[in-house]
Amino acid sequence: MPEVRLVGLRKEYGSVIAVNQVYLTVEDGEYVTILGPSGCGKTTLIRMIAGIIEPSDGKVFIGGKDMTGVPIEDRDIGYVFQNIALFPHLSVQNNVSYGPRAKDLSPDVQNEISRKYLGMVKLLDKMGMFPSELCGGEQQKTSLARALASGSKLLLLDEPLSALDSRVRVDLRYELRRLSKELGITTVHVTHDQEEAQSVSDRIVLMRAGTVVETGTPEELYARPRNLFSANFIGETNLLEGWIREVKDGVSLVELRNGGLIKVAQTDMEVGDATVISVRPEFMFVAPEGMKATVTNITFMGTYSHITAITEDEEEVGFDVASLDGNLLTIGKELYLAVNPKTAVLYPKPKNGIEEAIRLE
Amino acid sequence: MPSIKLIGLKKSYGDIKAADGLDLEIYDGEYLCLLGPTGAGKTTTLRIISGLLKPDEGMVLLNDEDCAELEVEDRKAALLSQTYALFPQLTVEENILFGLNIRGTDEKTKEQVLISMLDLVRLSGRSDAYPAELSGGMQQRTALARALASGADLLLLDEPLRALDARLRISLRKELRSLIKSLKMTAIHVTHDHDEALVMADRVAIIRQGRILQVGTPADVWDRPITPFVANFVGQSNFFTGEILKSGSVASLRTDDGVVLKARPTEMAPGTKAVLGVKIGNTDVSRDKPGYFTARVERVIFEGRNLHVDLRMENGQMISSKIPSWRRGKVTEGDLLNVHWEEIKGTVFPIPPGGLENELKVE
Amino acid sequence: MVFFLFFVILPTVYILSYAFTSWGSIQTFVLDDPATMKVIMDSIVASFQIAGIVTVIDILVGLPVAWMLVRKQFRGKRFLDTLIDMPLAVPTAALGFSAAIFFALTPESLQAPSFALNAISSPYLLIILLHVVFSYPYMVRSLSAILVQIDQTYETAGRTLGASALTAARTITLPLFRAGLVTGIILCFARSLSETGGTMIALATMANSQGFQTGPTIIGQWKGMLGTHPDLAAPLAFVSILLILLALVLLVVLKLVIMKVRLPMGRIWPYPERFLSRGLVPKAKDGLAILFLIIFVLVPSFFIFSYVMVATPTSLDWGPFTDSLLFSFLIAGVVTVIDIALGVPLALYIAKNHTGRISPILDVLVNVPLIVPTAALGYSLGVFWTSQSLIPTYDVLLIILAHVAFTYPLVVRNVAGAVEEVDPTFEETARTLGAKPVQAFRRVLYPMIKGSILAGAIMAFTRSLGETGATLAVVSNANTAPVYIVNLIYAGGYYTAGLACIVLIVVSYIAMLTLRYITNGRRSR
C-alpha cells in the first residue's frame with residue numbers, strides 16, 4: 001500500500017497558482033525528494049501533505065486514508081522545518097520528548113524514547129542544554145530526533161539543510177538518509193539543491209512553476225533527463241543548437257550551428273528537425289577533429305580543471321580535463337572538441353527559445 | 001584599486017575572540033576569497049576593513065596608509081551584505097544611484113552610469129521596480145550594481161550568494177567575478193563554501209577562530225595545505241596517523257598497523273609522530289591497480305558527476321573516495337578494493353596539539 | 001538626555017523628598033488624624049483593587065480577541081481592528097460620562113434614555129466597568145504586539161508532533177508569551193490607577209456615589225481645596241507619595257513574579273484538549289469575547305450620542321467651551337512638539353546603545369512616568385516647580401510641563417521600538433556607499449520610522465487632550481476641555497456636558513483617523 005498519494009492537488013492564492021494539478025505516489029519506505037527552484041510550489045506541496053495548508057482542490061491520501069478535513073495533529077507525521085523551530089524554552093531532551101508527551105505517555109516512556117532518538121543522532125551528551133546553546137548542525141539534528149520521536153512512519157523534511165553551512169550540510173545529509181532507511185520510514189524531502197537531492201534520494205520529483213516536470217532516479221535524471229529544463233537544472237551541461245543531418249544505424253548525425261558535427265546515439269527525431277543537444281562537461285573532450293573552439297578561461301576545480309571555450313557561433317562551452325592536463329592548455333589556444341555519442345542527449349528545439357526553457361526564476 | 005594590509009588585528013566580544021592576531025595582505029585589483037566556517041571571524045574582518053568596527057588592537061592599511069582615523073564613508077569600500085539591504089522605499093534606479101546622489105554628481109554623469117550599470121547586470125527594463133517586486137537573483141544584481149556604481153574601488157562581499165538557490169548560485173558565480181574583474185576593482189569575498197572560493201578567487205585565505213591559516217591560489221590551498229584543517233575544509237580529506245619512515249624526495253609514513261603510505265616531500269625527521277592527509281578526490285579505488293592497502297566498500301552515493309564511496313579499512317577506520325560516475329559499474333557494495341594515490345597528492349603534517357579530531361572540527 | 005532627567009524624572013519623584021523634609025506635618029495632619037487616614041487608605045485601597053480586577057478582566061476577555069486578530073483570517077477583520085481602537089479616540093472624561101449614563105442609576109435631571117441599562121448603583125462596580133472600557137484596547141494591543149512576534153511555526157511544529165491546537169498554544173506559545181504579558185499587565189494596571197477625569201465624572205453623574213473616592217480623585221478634590229485649607233498640603237503629599245511608591249513597587253514585583261512563576265506544564269490531557277480545540281467550542285469562545293467587546297466596551301463608549309439625541313436640549317454657551325477647547329489644543333500641540341523634538345533623539349540613543357551601561361537604566365527610567373498615576377505625578381511636579389525660583393511658574397507652563405512628563409515616554413517607547421526593529425545593515429550599507437551618519441539617518445532610517453514617529457505624536461496629542469488628573473493636580477482651576485466638562489457636570493448641566501463631550505470625541509476621532517490613514521498609506525508602499 002503506497003504511503004502517500006497526491007491526486008490532482010491544486011492550490012491557488014487569488015490569481016496565483018502555487019501548485020497546479022499534481023499527481024504523485026510515494027511508496028512505503030521510499031525516500032523521495034521534491035526538487036525545484038524557489039517559487040516552484042514544493043514547500044506549498046509538502047505543507048498540504050502535512051495539513052498545514054488546505055488544498056484548493058484535489059486530495060491527499062496517507063496510508064490509504066483520505067486526509068481531507070483531517071487536522072495536522074491527527075495525520076501522524078514527523079515534520080522538520082527549514083528554520084528548525086526548536087522550542088526555545090524547553091531543553092533538548094524536553095523538545096525531543098514533546099511528541100510522546102502530547103500523547104500523554106508516562107514520564108518513564110518519554111525518557112526512554114527521547115534517549116533512544118538522541119542516541120541515534122549522537123546528541124546524548126547535549127540532552128540538558130537549550131537550543132540557543134547549540135550550533136546549527138546540532139540544532140537540526142535535535143529537530144530531526146524530535147520529529148522521529150513521535151513514532152510516525154512518514155517523515156516530511158522542508159528544506160532541512162538550507163540554513164546550514166555547506167560543510168555541515170554534506171555531513172548531515174547522509175545522516176538523514178541513513179536514519180530514514182534504518183527506521184524503515186517513508187520520507188518526503190523538499191530542497192532547491194540538486195546535489196543534495198542526488199545524494200539522498202531513491203527518486204527525485206522535479207518541479208517548476210507549480211507542476212511536476214519529471215520524476216526519476218538520480219541516475220536517470222542525470223544521464224537521460226527528459227527535457228531541457230531538467231538537463232540544465234540537475235547538473236551543469238552544454239546546450240548546443242543544430243539540426244539533424246542523417247539518421248542511420250542507431251545513430252543521429254547532427255550538424256551544429258557552430259559548424260561542428262556530432263554523433264548522438266538516439267534516433268527518435270527526423271532528418272531536418274531543429275534540435276538542441278545536451279552534453280555534460282565531463283563528456284566533452286579535446287580531440288584531433290570535431291567542434292572548433294578557442295579557450296577563454298581555465299578554472300581550477302581541485303581534482304580537475306574546468307575549461308571555458310568559445311565556439312565559432314560565439315557560444316560558450318565548458319569541458320573538464322584532469323588537473324595536470326589543465327596546465328597544457330592556455331588562454332587563446334584553439335582546439336577541437338568531440339563528444340561521446342552515448343552520453344549526449346537530443347531534444348527538439350523549444351519554440352520560445354532555449355533561454356526561456358531553462359530559466360530559473 | 002587599493003591594496004590592503006591587515007596587521008595583528010584583534011577583536012573580542014567578551015570571551016569570544018573574533019579576531020586573534022589576524023595578518024593578511026590583499027593585492028591591488030585582486031579577487032580574494034576569505035574562506036572559513038561560521039563563527040571564524042570572516043564578517044568581523046570585513047567590518048573592520050570597512051570601518052564599521054574598530055579593532056581592539058592592530059592596524060588596517062589602505063594603500064599603505066593607516067586608516068584608523070578614516071571614517072566609513074571616506075574609505076570608498078562598498079559593502080554588499082548577505083541580505084542585500086536594498087533600501088525598500090527607493091526604486092532600483094534610486095538604489096543604484098544612491099552613492100552618486102550623496103556626492104551630488106551631475107545629472108548627465110548619473111544617467112550614463114545608470115544605463116551602463118543596468119546593462120551590466122541585465123536589469124535594463126526594471127529600473128522603476130521596488131526591491132520587494134524583484135526575485136532573489138535580481139535583488140542581488142541590483143545590490144551589486146549599487147555597490148559598483150558608488151564610486152568605490154574596494155568591494156566587500158559578505159556571503160553575497162548565500163541567500164540564493166543552489167543552481168542560481170552556480171550560474172551567478174562566473175557572472176559576479178567577471179563583472180567585478182571587468183571594472184578592475186579589488187574585491188574581498190567572504191564565504192563558507194569552498195567550491196565557491198575555488199571557482200571565484202585569485203587567491204584564497206582560510207580563516208579559523210580569528211586567524212588566517214593559509215593564503216594561496218586555489219591550487220596552492222588544494223594541493224599543498226599547511227594544516228590538516230585546511231586539508232579537510234577545502235575539500236574533504238582522508239587522514240592516517242603513524243610515524244615518519246623516510247623524508248626526502250618522497251615521504252613515507254608507517255601507520256600504527258604497519259602499512260606504508262607515500263606522500264610529497266617533507267622536512268620532518270624520521271621517527272616523528274605524524275598524520276598523512278590526502279583528498280578524497282585524489283584517493284583512487286580499483287580492483288586491478290595495486291594500492292597501499294585494501295578496504296571494503298560500504299556505501300556508494302551518487303552525486304551526479306561523481307560517486308562518493310565510503311570504505312572500511314581492515315582496522316575499522318572509515319575512509320572515502322570520490323570517483324567519476326561513469327565508473328559506476330566497477331564499484332559495488334561489498335567489493336574489496338585497492339586504495340592508492342599519487343605520492344605528490346599526499347601531505348604529512350605533525351600531529352596537531354589537541355588531537356586530530358579537535359583540529360578538524362568545523363563548528 | 002539632560003532634559004529628560006531634569007524635567008521629567010526629577011519632578012515626578014520630587015514629592016518623595018517631601019516625606020523627609022516635612023515628616024513632622026505628615027505626622028500631625030495625616031498619621032495622627034484617623035479620619036483623614038481612613039479617607040486616604042480607603043481611596044488608595046479602592047484604586048488598587050479596581051486596577052487589579054480590571055486588569056484580570058481585560059486579560060480574560062482580551063486574549064481571545066488578540067488571538068483572533070493575530071492568528072486568524074476572517075472577513076471583517078480590519079473592521080474589528082478599527083472597532084477595538086475606538087475607545088482610545090474618546091477622551092476619558094467623555095467616556096466616564098457616557099458609561100455612567102449607560103450603566104448607572106442617574107438622577108432625574110439627567111433624563112437618561114429609557115433604553116439605558118440604568119442598573120448599577122454601586123460606585124465601585126461602576127468604576128470597574130468604566131475602567132474596563134478604556135483599558136481594554138491597551139490590553140488587546142499589547143497582547144497582539146507580543147503575539148505577532150512569536151513565530152507561529154512553533155505552534156505548527158507542536159501540532160505536527162501530535163498536540164491539538166489548544167495543547168500547542170498552552171504549552172508552547174503561552175510560556176513564550178510571558179515577557180510581553182508583563183508589559184501589557186503593567187500598562188493596563190497603571191492606566192487604571194491613573195484615571196481621574198472619567199472617574200470623577202462618572203461618580204458625579206450617578207445618582208448616589210456615596211462619597212466614593214479613588215486615589216486620583218482625592219488628589220483632584222483636595223488640590224482644589226488647598227487654597228482655603230492649607231493644612232491639606234501634608235495629606236496631599238502623603239497620598240501622592242503612597243501612590244508613587246506603591247506603583248513603583250508593584251512594577252518591580254510584577255516583573256519578578258511573572259517571570260519566575262512556573263506554569264503548570266506537566267500534564268497534557270489529549271482527549272479533553274482535542275475536544276476543546278475543535279468544532280463549536282472555539283467558535284463559542286470567540287463569539288462570547290466579541291459579545292463582551294460590544295456590550296461592555298463599545299456601547300458604553302458611544303452611548304453619549306444616543307443620550308444627546310434623546311434628552312431635551314439646553315443651549316451650550318459656546319464661547320467658554322471653545323476657549324477651553326482651544327486651550328486644550330494649544331497645550332496638546334506644544335506638548336507634542338516638545339515630545340518629538342526631544343524624544344526622538346533620546347529614542348535613537350537608547351535603541352542604538354544597547355551595550356552601554358547607561359542605556360538599560362534609561363530604558364527603565366523612561367517607563368516610570370507611565371506607571372506613576374498622573375494625578376500624583378502632577379502634584380509632585382507642581383510642588384517641585386513652585387518651590388524653586390529658576391523658572392517663572394505660569395499656569396500654562398506648569399500644565400505643559402506636567403503633560404510632557406507622561407506623554408514623553410510614549411513617544412520615546414514608540415520610536416525606540418521602531419528603530420530596534422530596523423536592521424542596522426541598512427544604515428551601515430549606506431555609510432559604506434559614501435553617506436555620512438546624518439545622511440544615512442535622513443535618507444535611510446528616517447523614512448523607515450516616519451510612521452512610528454507620527455504614531456507616537458498622535459498618541460501623545462490625544463493623551464494630552466484627554467488628560468484631567470494631572471491638569472487638576474497642578475493647576476486646580478485650569479480651563480482645559482476635560483476640566484470644563486467636569487465642571488459642567490458638577491453644576492448639573494448634563495445636556496451641555498453631553499454636547500461638549502461629543503465635540504471632543506469628534507475632534508479626537510479625526511486625529512485617530514488621520515493616524516490610520518498615514519500609517520496605512522506608508523505600509524501599502
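I count a residue as buried if 20 or more other C-beta atoms lie within 10 Å of its own, with C-beta atoms placed from the backbone. I am working on a predicted model.

**Chain B, overall**

I started with burial. Of the 363 residues of chain B, 44% count as buried. Next I looked up the extent of the chain. Along the principal axes, the C-alpha atoms of chain B fill a box of roughly 75 × 50 × 35 Å. I then listed the secondary structure and found 10 helices and 20 strands in chain B. For contacts in chain B with a separation of 6 or more, I noted that 66% come from residues 24 or more positions apart.

Chain B has a mean pLDDT of 91, and 99% of its residues reach 70 or more. Strand β3 (residues 31–35) of chain B has the highest confidence in the chain, at 96. Strand β12 (residues 251–255) of chain B has the lowest, at a mean of 86.

**Chain A, the sheet**

I traced an open sheet of six strands in chain A, in the order β6-β7-β8-β3-β9-β10, with mixed pairing. β6 (78–80) and β10 (211–216) of chain A stand at the edges. Each has a single partner strand, so one side of each is left without a neighbour in the sheet. Neighbouring strands of this sheet are turned by 15° against each other on average, direction ignored.

Strand β9 (residues 203–208) of chain A pairs with β10(A) in the antiparallel sense, over five bridges. I204(A) has G216(A) in β10(A) as its bridge partner. I also found a helix on the sheet: α5 (residues 136–149) of chain A touches β6 and β7 (154–158) of chain A. The direction of α5(A) makes about 165° with that of β6(A).

**Chain A against chain C**

I looked up the contact between these chains. Here 20 residues of chain A are in contact with 18 residues of chain C. On the side of chain A, helix α3 (residues 98–102) gives the most, with four residues. I sorted that side by class: 11 nonpolar, four polar and five charged residues.

**Chain C, a helix pair**

I finished with α6 (residues 123–149) and α13 (residues 280–310) of chain C. Their axes are 9 Å apart, and the helices pack at an angle of about 95°. That makes α6(C) roughly perpendicular to α13(C). From α6(C), I listed L129(C), V132(C), V133(C) and Y136(C). They meet F296(C), V297(C), P300(C) and S301(C) in α13(C). By class, the residues of this contact are seven nonpolar, one polar and no charged.

Technical notes:
Residues are numbered from 1 along each chain as its sequence is written. Chains are lettered from A and ligands numbered from 1 in the order in which they are written. This is a predicted model: local features need pLDDT of at least 70, side-chain atom pairs count only at pLDDT 80 or more; totals for chains, interfaces and linings use all residues. Axes are lines fitted to C-alpha atoms, for helices over the stretch in contact, and angles run from 0 to 180 degrees between N-to-C directions. Helices (H or I, at least four residues) and strands (E, at least two) are DSSP runs, numbered from the N terminus. Angles under 35 degrees count as roughly parallel, over 145 as roughly antiparallel, 65 to 115 as roughly perpendicular and the rest as oblique. Two residues are in contact if their C-beta atoms, placed from the backbone, lie within 7 Å. Ala, Val, Leu, Ile, Met, Phe, Trp, Tyr, Cys and Pro count as nonpolar, Asp, Glu, Lys and Arg as charged, and the others, Gly among them, as polar. Two strands pair if DSSP finds at least two bridges between them. pLDDT is the predictor's confidence in each residue, from 0 to 100. A residue is buried if 20 or more other C-beta atoms lie within 10 Å of its own, exposed if 12 or fewer, and partly exposed in between; C-beta atoms are placed from the backbone.
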